[in-house]
Amino acid sequence: MSFRALVLDQIDDALNATVQVLDDDALPDADVTVDVEWSSLNYKDGMVLGGVGRLVRTFPHVPGVDLAGTVVTSDSDRFAPGDRVVCTGFFVGERWWGGYAQRARVKSEWLVKVPDSLTTRQTMEIGTAGLTAMLCVDALERDGVRPDSGPVLCTGAAGGVGTYAVHLLAKLGYEVTASTGRPETESYLREIGAAQVIGRDEIGAPPEKPLLSERWAGCVDAVGGATLAHVCAEMRYGGSVAACGNTAGNDVPTSVLPFILRSVRLLGVDSVSVPAERRAPQWQRLGELCDPAFFGAATTVAGLDDLPAAGAQILAGQVRGRVLVDTAR
Ligand SMILES: NC(=O)c1ccc[n+]([C@@H]2O[C@H](COP(=O)([O-])OP(=O)(O)OC[C@H]3O[C@@H](n4cnc5c(N)ncnc54)[C@H](OP(=O)(O)O)[C@@H]3O)[C@@H](O)[C@H]2O)c1
């Protein structure tokens, strides 16, 4: 069967993305073929589309770290034609052809069945960003952070991970402070659940002292860099930070003092290689926690042709919430 796909090619040293019509024979070899209905745009997709960090080594390439749709053929006894499935991470869209196409062929161990509480569209409104936020919330909970522990902070709040972290924590009863570099998103952040909104600048510089006034019982940090160091210095005694992102950089200029004097815990969260069996309960929970009205507020929709421009926007920190990709558009 032929299908539309966004194909990334390297010509000399420049990347060129075009929508092309491909045939099933072009797909990589694996045990499950999926009719992809929806995909999404994540920060990493922006990096792939923009050639940042050389995440893709083999061309031509179909980007898209997320995909959701319906199984067409399966050589796996875990999936049958007609099953609704979601695939995120596992380096799909980087080392393997991804979701910016109407068809994909992937390994069955990367797939999770879409829970009854979600549509395939909603799984891609959530996507890697929402799953990562859910895993961060899970990490904080497993580390003992409760709604009555005190206020929690979400950094990079108007972005994809931040949007979901704010909404999920608010739904669970936490008092959420959202940090953003875009003051114009304040009403949006309050609409999705933030009790307070602070400016990125307030926490964006390295801490002037190793320990600052205690503010946060928990934090979902999508930003890293000096922000993460600043947040560590402001954590309450015994508080936990779930660190998942690096939009502000990889170097974290912290001291050991928050950890050894305030028992602060830094919890690393990865959603790329976490096994499928640990993902399924998180998808289930996302279906229970996300409000239909929240999906409406948090999502904009793009077609395959729109993705190169949207990728540049996400790298520039200009995307609010999540971009859903309609593969038929
Ligand atoms: N660990 C994992 O498995 C995993 C999975 C998914 C994503 N991630 C990482 O998580 C991060 C967020 O991903 P995303 O998809 O949510 O991206 P996104 O939608 O672009 O959100 C990132 C947000 O970070 C803030 N930001 C951007 N540049 C900044 C800067 N220089 N300093 C401070 N804040 C800045 C902006 O929020 P405001 O405008 O509100 O300030 C931006 O919206 C990325 O680093 C991504 O690679 C990691």
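Colleague: Which are the buried residues of helix 3, and what makes a residue buried?

Modeller: They are Gly160, Val161, Gly162, Thr163, Tyr164, Ala165, Val166, His167, Leu168, Leu169 and Ala170. A residue is buried if 20 or more other C-beta atoms, placed from the backbone, lie within 10 Å of its own, exposed if 12 or fewer, and partly exposed in between. With 11 of its 12 residues buried, helix 3 is mostly covered. Please keep in mind that this is a predicted model, where local features need pLDDT of at least 70 and side-chain atom pairs count only at pLDDT 80 or more, while totals for chains, interfaces and linings use all residues. Residues are numbered from 1 along each chain as its sequence is written.

Colleague: What makes residues 160-171 helix 3, and how far does the helix reach?

Modeller: Helices (H or I, at least four residues) and strands (E, at least two) are DSSP runs, numbered from the N terminus. Helix 3 has 12 residues and reaches 17 Å from its first C-alpha to its last. Just after helix 3, glycine 173 takes a positive phi of about 100°.

Colleague: What about threonine 119: buried, exposed or partly exposed?

Modeller: Threonine 119 has 16 other C-beta atoms within 10 Å, and therefore it is partly exposed. Threonine 119 lies in the loop between strand 7 and helix 2.

Colleague: How do you know on which side of helix 8 its buried residues lie?

Modeller: The buried ones are Arg279, Gln282, Trp283 and Leu286. They cover an arc of only 105° around the axis (the arc of the directions from the helix axis to the C-beta atoms), so they lie on the same side of helix 8. They pack against strand 5 (84-88), strand 7 (111-113) and helix 2. The face turned away from this buried side carries the exposed residues Glu277 and Glu288.

Colleague: What makes a group of residues a nonpolar core, and which members of the largest one touch the most others?

Modeller: A nonpolar core is a set of buried Ala, Val, Leu, Ile, Met, Phe, Trp, Tyr and Cys residues joined through C-beta atoms within 7 Å. The largest has 103 residues, and Ala133, Cys136, Ala165, Val166, Leu169 and Ala242 touch the most other members. Helix 2 (residues 120-142) gives the most to this core, 11 residues.

Colleague: How do you know where this core lies relative to domain 1 and domain 2?

Modeller: Domain 1 (2-114 + 291-326) and domain 2 (127-268) both give residues to the core, so it lies between them. These bounds come from an automatic or database domain assignment. The domain centres, taken over C-alpha atoms, are 29 Å apart, and 15 residues of domain 1 are in contact with 15 residues of domain 2.

Terms used
Contact = placed C-beta atoms within 7 Å. Expected span 1.5 Å × (residues − 1).
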